[in-house]
Every structure is written in C-alpha cells, then in structure tokens.
2 protein chains.
Amino acid sequence: MEPTILDVAEQAGVSPSTVSRVINETAPVAEATKKKVTEAIESLGYRTNKFAHALRKQASNVFGIIVPDISNPFFSTLIRGAEDRFHEDGLSTMICDTDGQPEKEARNVEMLVKERVDGALVTSTESESNGIPRLIDKDIPVVAVDRSPTGYEMTAVLADNEGAGMIATEHLLNRGCRMIGFVRGPAGVSTAHERFIGYVNGLESRGLEVQEGLIARGDFTFNSGKRALEELIAANNESEFPDGLVVANDLMGVGVIRKAEEMNLHVPGELAVVGFDDILLSKLINPTLTTISAPTYEMGGTAAQLLLETVEADRKRAERKHKRIVFSTKLVERESSQFGAG
Amino acid sequence: MEPTILDVAEQAGVSPSTVSRVINETAPVAEATKKKVTEAIESLGYRTNKFAHALRKQASNVFGIIVPDISNPFFSTLIRGAEDRFHEDGLSTMICDTDGQPEKEARNVEMLVKERVDGALVTSTESESNGIPRLIDKDIPVVAVDRSPTGYEMTAVLADNEGAGMIATEHLLNRGCRMIGFVRGPAGVSTAHERFIGYVNGLESRGLEVQEGLIARGDFTFNSGKRALEELIAANNESEFPDGLVVANDLMGVGVIRKAEEMNLHVPGELAVVGFDDILLSKLINPTLTTISAPTYEMGGTAAQLLLETVEADRKRAERKHKRIVFSTKLVERESSQFGAG
DNA sequence: ACCCGTTATGAAAACCTTTTCATAATATGA
DNA sequence: TCATATTATGAAAAGGTTTTCATAACGGGT
C-alpha cells in the first residue's frame with residue numbers, strides 16, 4: 001500500500017540504509033545516488049512512517065500544551081505563540097483543555113504520557129494535586145507557563161504579576177482614588193496571588209493601609225466578579241465605599257462593571273476599575289475596561305523555546321538548567337478608569 | 001529503562017505472546033497465568049509502547065479535530081463534545097486551530113497526515129481549497145462538522161441553519177419589524193449562506209420582498225459587524241432605515257450593537273437585533289443579544305461517534321455509508337429584540 | 001608498488017508489539 | 001481406550017525505521 005523505505009531503495013537501486021542517509025543527511029552520500037534516491041522518493045510519494053521512526057528514535061516529535069481553558073483568549077494566544085515555535089521545527093503539538101478541573105488535568109497528562117510526548121508546556125490548574133509530578137516522574141521535560149507551581153524546581157515563563165498589580169494600583173492612586181479595593185482570584189493560583197501582593201505593595205509604598213473590608217474573593221469567572229462587587233458594597237456603609245477597584249482578571253472585571261451598572265453605580269465616575277489580561281471582551285463592553293496586558297504570544301514562544309532547549313540538553317546528556325523568565329507588563333488605559341469622567 | 005513486554009514475560013515466566021494476549025484479551029488464557037502476568041505488569045509498571053503498537057496495528061488511536069478558532073466558544077464547546085466521546089474509548093485527540101486561514105488549515109492537515117491520525121473532524125475554513133481533499137486522498141476518514149463543504153460526498157453533522165435564519169426572521173416579524181435587514185457572513189462559508197437563505201424564505205413566506213439595500217456583508221468578526229451597520233445606515237435615507245437586523249453570527253451582532261450605541265441608535269427600540277451561535281459574550285453585553293443556539297456539545301459528540309463508526313466500517317472492510325445529520329436550533333430571547341422596549 | 005586513510009555503500013541488528021502457525025495438554029465423545 | 005476437539009502456550013515473523021559494523025573503492029603519500 002503505502003510505499004516504504006524499501007520500495008524507495010529498490011526503485012533507486014540502492015540499500016535502505018542509503019535512502020535513510022539521504023533523508024536524514026546523516027552521512028555523506030555521492031551526488032549521483034542522492035539524485036536517484038530523491039527522484040525515487042518523489043515518484044513514489046514516499047513519506048517516512050512516523051511510528052517506525054518514533055520507535056527507533058525513541059522520540060515522538062510531539063509536544064503537549066496544557067491550559068485551563070482554550071476559549072480564554074489569553075490562553076489561545078499563548079498556545080498560538082508556542083505552536084508557531086514548535087511548527088517552525090516541524091514538530092507537532094497536542095493541546096489539552098483541563099477546563100480548570102484537576103481531574104481533567106490528570107486525564108490529560110495521562111494522555112500525554114500515553115502518547116509519549118517529548119515534552120510539555122503546562123499552565124497548571126492549581127498548585128496542588130496537578131499533573132506535573134506525574135510528568136516529572138515519567139521523565140518528560142516540563143516548562144511551566146503563566147503560573148508557577150510551588151514545590152518543584154523547573155523552568156518557568158511568567159509575567160511580572162506582582163509588578164502588574166503594583167502598576168494597576170498606582171494607576172488608580174494617580175487618578176485620585178483613595179479607597180482602592182481588590183477582587184482576588186481563586187486560592188492557589190499563583191498569578192492571582194502575586195497580583196494581590198503587588199496591590200498591597202502599591203498601597204504601602206504610598207503609606208496607605210490595606211483595609212480588609214475592601215477585599216473580596218472571586219474565582220476568575222464573570223459571575224464571581226458580579227458577586228464580589230455586591231459583597232463589597234454590602235460590607236461597607238456609604239462613606240467607605242471603594243472609589244477604585246483592582247480586579248484580578250478581566251472576566252471578573254467585566255462582571256464588576258455589569259453589576260455596577262445594575263446598581264446604578266457609575267463607572268468610572270463613582271468607581272474606577274482595572275483588570276488584568278487584556279482579553280478581547282474588555283474592548284467590547286461599555287465602558288471599555290482598563291487592563292494590564294502581558295506579551296502573551298511571546299511568552300508562549302519563549303516557553304516552547306526553553307522546552308526545546310531542555311529536550312536538547314537531555315539528548316546530549318547535558319545538565320538541565322532551570323531558568324525563570326519574567327516578562328514585564330503594561331497598562332492599557334481605557335474608559336473604566338478614565339480621569340475626570342463622570 | 002522503560003520495561004518492555006519481554007521484561008514482563010520474563011518476570012511472569014511466560015512468553016511475550018501470552019502477555020500480549022492477557023493485555024488485549026485476544027485469546028483465552030488460563031486464570032493462573034493471567035494472574036501472574038497481571039502482577040508482573042503491575043510490579044514493573046509496564047505500559048504498552050505506543051509506537052510499537054501503532055506500527056504493528058497500523059493505527060495511531062489519535063483523531064484530529066480542525067476548527068477555525070479555538071477561542072470561539074462555539075467551537076470550543078464543539079471540541080469538548082467530540083473529545084469527551086473520543087476519550088470515552090481511550091482515544092487521543094489533536095486539536096488544530098486554522099485561525100481562519102486556508103494555508104494554516106493546509107499546514108494543520110499536513111500535520112495530521114504526518115501523525116497518521118485514524119480520522120479527522122473538520123470545520124473547514126472555506127468550501128474551496130481546504131484540506132479535505134488531501135485527507136480523502138490519504139484515505140483518512142473525515143466527518144464535516146458545522147460546515148458542509150460542497151463537492152464531496154461525506155458524512156456531515158450540521159445545524160439547521162436555514163431553519164435558524166427563518167426562526168430569527170419570523171421572530172423579528174412577529175415583534176412588528178417591517179424593514180428587516182441582514183448582515184451576511186464571509187462568502188463560501190456554508191453556515192452563513194444557509195442562514196441568509198432562511199432569512200429570504202422567512203420574508204417571502206409572509207409575502208415580503210427582499211430589499212438589496214438592507215443587506216450588507218461581513219466576515220464574522222466584531223469589527224465587520226460595526227462596519228456593516230455603518231454601511232446600512234449610509235446606504236439608506238432615514239425613512240428606509242432597517243428597524244430589525246438579522247446578523248449571521250453573534251460576534252458581528254455585538255459589533256452592530258456597539259456601533260448602534262455610538263450612533264445613538266437605540267437597541268431594541270429603534271433597531272432590533274438577532275444573532276446566531278449563543279456565545280458567552282452575547283449574555284454579557286448591554287443590551288444582551290437575542291440569538292439562535294444550536295446543541296453544539298451534542299453536535300461534537302455525534303460527529304465523533306459517526307467518525308468512529310466510519311473507522312469501524314473501514315476496519316471490517318464494510319462499505320462506508322455517508323450520513324447527513326441535521327440538528328434543529330432554538331431561539332434564545334434576550335434584550336436586543338425585546339418587544340415594546342424603547 | 002604498497003599501505004593507509006577517506007568516502008560511499010550494504011548487511012544486519014535493534015526498537016517493541018501483535019499475530020499466525022505450530023504444538024502440547026487436556027477434555028469430549030464413542 | 002482411542003480418536004478428535006478444544007484450550008493454552010510458545011516460536012517466529014512482520015511492521016518500517018535508524019544505526020553500527022563491515023567492506024569496497026579510491027586517492028595520496030612514501
């Protein structure tokens with residue numbers, strides 16, 4: 001059926017070894033034979049059999065990418081950045097959506113192990129009980145992206161979330177806000193925590209105190225953003241309402257804005273809002289959402305690059321060096337924090 | 001390193017053949033030996049080598065899923081439905097994002113061919129020059145989802161887009177609109193075209209004429225929705241402004257709503273809007289967008305099921321039967337078409 | 001003229017399964 | 001008791017590469 005390297009060899013009048021050599025350029029071969037072989041390959045439409053190759057080389061040439069939600073534009077951009085880098089080298093990718101559920105993450109990791117991927121990029125769902133130890137156990141190179149699981153020494157590509165939290169907070173301070181609240185993300189998600197730390201530092205650097213009553217917690221979803229604002233308003237009497245809110249991601253930020261609208265609270269006039277991630281939605285709602293953006297696409301590409309380097313080091317039996325690369329973020333000013341509006 | 005079936009055989013004191021038989025339950029084996037083998041497998045932590053297996057069985061146990069945009073919630077739900085079905089049988093999946101670009105679709109198909117997937121689910125970017133012929137040429141079973149490419153006889157899982165277009169149009173008619181326009185999708189995308197046909201039929205069934213001046217074209221993106229409304233307003237003098245708009249997908253529908261807001265055109269008071277797809281965003285904007293939704297998750301699962309059946313038929317050398325399954329859609333009423341509002 | 005070091009190629013082993021074929025052991029029926 | 005099925009197992013081939021080892025040819029140095 002499908003032609004094999006043997007068929008090519010026969011047609012070209014050479015041995016399979018020689019054919020392999022011209023395909024992989026792994027040893028010098030005479031110009032004349034090279035030509036015969038190339039022609040035979042062409043005329044038969046030969047393609048190397050992936051499984052035989054992988055079996056012999058003990059390498060699948062496939063890389064896994066695990067994210068919590070492929071429909072979140074932040075992650076789909078990350079994926080695109082990584083894929084473009086892998087495809088550049090003719091490597092294939094396997095994208096896994098954990099849907100934010102640890103057990104789905106475990107299933108996905110199991111799939112990657114079964115497929116014997118050469119490495120994996122992972123944005124783990126939680127810092128505990130994730131699939132990373134399983135991959136490490138199976139000796140599959142792993143690079144963490146966006147979120148850095150604690151307790152493992154591994155290379156990671158991150159955004160400067162602490163800095164981002166600080167930028168957001170300072171932006172609101174500069175704008176004149178004095179009662180700045182924070183809507184936290186899910187416990188155990190490092191990005192969410194770091195943004196909060198940045199907020200705390202931002203306040204303290206100006207000699208302001210963190211007020212417990214101005215802090216709520218959500219789980220990164222739209223609805224949790226709505227609930228968070230509700231709680232914050234309910235918990236304070238009018239004189240202590242927040243006049244600015246740093247929200248740990250855009251999706252919750254949008255929730256906050258929608259809830260504010262329902263409550264007839266004017267954004268940004270009575271409440272300025274800043275989010276993180278710069279997802280598409282943030283440009284589309286009314287008012288548009290000020291946010292902190294990270295170079296997502298580049299982060300994906302860099303992570304892929306580092307993973308490839310780790311694999312290469314393993315191949316040469318060189319020592320793996322664990323790196324930690326942090327990308328800086330930038331403020332994207334939009335209507336939700338506009339100065340003097342309202 | 002990694003234990004092989006030989007190691008298991010040795011440890012259990014049997015031949016590799018026997019081990020294979022207990023793993024695959026492909027022939028009767030004595031209860032006692034079965035136990036020995038299972039224990040050996042357990043104690044060594046043996047896992048069958050994917051490549052050797054695939055090489056011998058000539059099957060990868062991997063299935064490809066090609067969509068134009070993984071971050072579009074419509075497609076990510078479709079993917080989830082399909083994946084859940086595949087995973088049920090312990091099969092792996094490879095998700096490909098074509099980004100709406102035919103050449104990226106071609107590259108993705110090439111990757112699937114290289115990976116020797118057992119079958120593919122595809123939502124092709126265009127009806128022409130897509131990767132489907134390549135897959136068919138390589139004898140890889142294909143099922144079309146959501147969009148049905150013309151010119152190939154193949155099984156397809158679709159939504160009743162024509163019916164959907166009709167439902168949307170009738171909804172606006174019932175609501176009292178009389179100048180109903182349509183924002184078309186990209187040329188060559190079957191779903192977009194069928195929705196338009198439904199709109200035409202909807203008007204004609206009430207004895208109304210289709211007016212060229214009320215029809216604009218977009219490309220399924222947010223911005224093209226904004227542009228479309230602009231064009232429609234520019235093209236008509238005030239007495240002939242549309243009072244209702246059927247928009248070929250939600251993303252453009254959102255664009256229309258935002259543009260209307262910029263133009264101080266009240267939705268739904270002066271202009272009622274209906275979209276298609278029921279994406280998350282439609283619930284989040286203001287006013288919320290009335291839309292037509294299809295059972296996306298089920299469509300994905302059904303498509304996977306049919307693909308598996310095709311593969312099974314091939315295996316038995318039975319004839320492939322090309323099916324065509326059409327799911328019906330339903331109206332989701334929201335603010336953008338509310339009756340008596342404004 | 002002889003030896004040696006390249007350069008170009010082939011033969012065969014190894015990678016790890018599954019499956020066919022053969023055989024041994026056991027059970028069934030007369 | 002003997003012939004015949006049936007059940008349980010092993011040996012070996014096949015699936016398609018890559019790579020090591022061996023060999024042949026050839027040019028250059030003495």
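Select strands β3 (residues 119-122) and β4 (residues 142-145) of chain B: the two run parallel and are joined by three bridges. Helices (H or I, at least four residues) and strands (E, at least two) are DSSP runs, numbered from the N terminus. Within this pair, display Leu121(B), which stands opposite Val143(B) in β4(B).

The model is predicted, so local features need pLDDT of at least 70 and side-chain atom pairs count only at pLDDT 80 or more, whereas totals for chains, interfaces and linings use all residues. Residues are numbered from 1 along each chain as its sequence is written, chains are lettered from A and ligands numbered from 1 in the order in which they are written, and side-chain values use heavy atoms, with hydrogens and water left out.

**The sheet of chain B**

Move to chain A and select the six strands that form an open sheet in the order β2-β1-β3-β4-β5-β11, with parallel pairing. Here β2 (92-97) and β11 (324-327) of chain A each have a single partner strand, so one side of each lacks a neighbour in the sheet. Next, pick β4 (residues 142-145) and β5 (residues 155-159) of chain A, which run parallel and are joined by three bridges. Val143(A) stands opposite Thr155(A) in β5(A).

**The interface**

Now show both chains together. The contact (heavy atoms within 4.5 Å) takes 46 residues from chain B and 47 residues from chain A. Chain B and chain A bury about 4400 Å² between them, 51% of it on carbon and sulfur atoms; buried area is the accessible area (1.4 Å probe) that two parts lose on being put together, summed over both. In chain B, select Phe51(B), Arg116(B) and Leu284(B), which lose the most area to chain A, together 18% of what that side buries.

Turn to the charged pairs. Ten salt bridges are counted between chain B and chain A, each a side-chain nitrogen of Lys or Arg within 4 Å of a carboxyl oxygen of Asp or Glu. One to display is formed by the side chains of Arg80(A) and Asp97(B), at 2.7 Å, N to O.

To see which elements of chain B touch chain A, colour α4 (50-57), α5 (73-88), β2, α6 (102-114), α11 (250-262) and α12 (281-284), each of which supplies at least two residues. The largest share of that side, seven residues, comes from α5(B).

**Loops of chain B**

Finish in the loop between α11 and β9 (272-276) of chain B, where Pro268(B) is found. A cis peptide bond joins Val267(B) and Pro268(B), with omega about 5°. Asn264(B) has its place in the loop between α11 and β9 of chain B, and has a positive phi of about 60° although it is not a glycine.

Last, select Pro287(B), in the loop between α12 and β10 (290-293) of chain B. Asn286(B) and Pro287(B) are joined by a cis peptide bond, with omega about 0°.

Methods: Two strands pair if DSSP finds at least two bridges between them.
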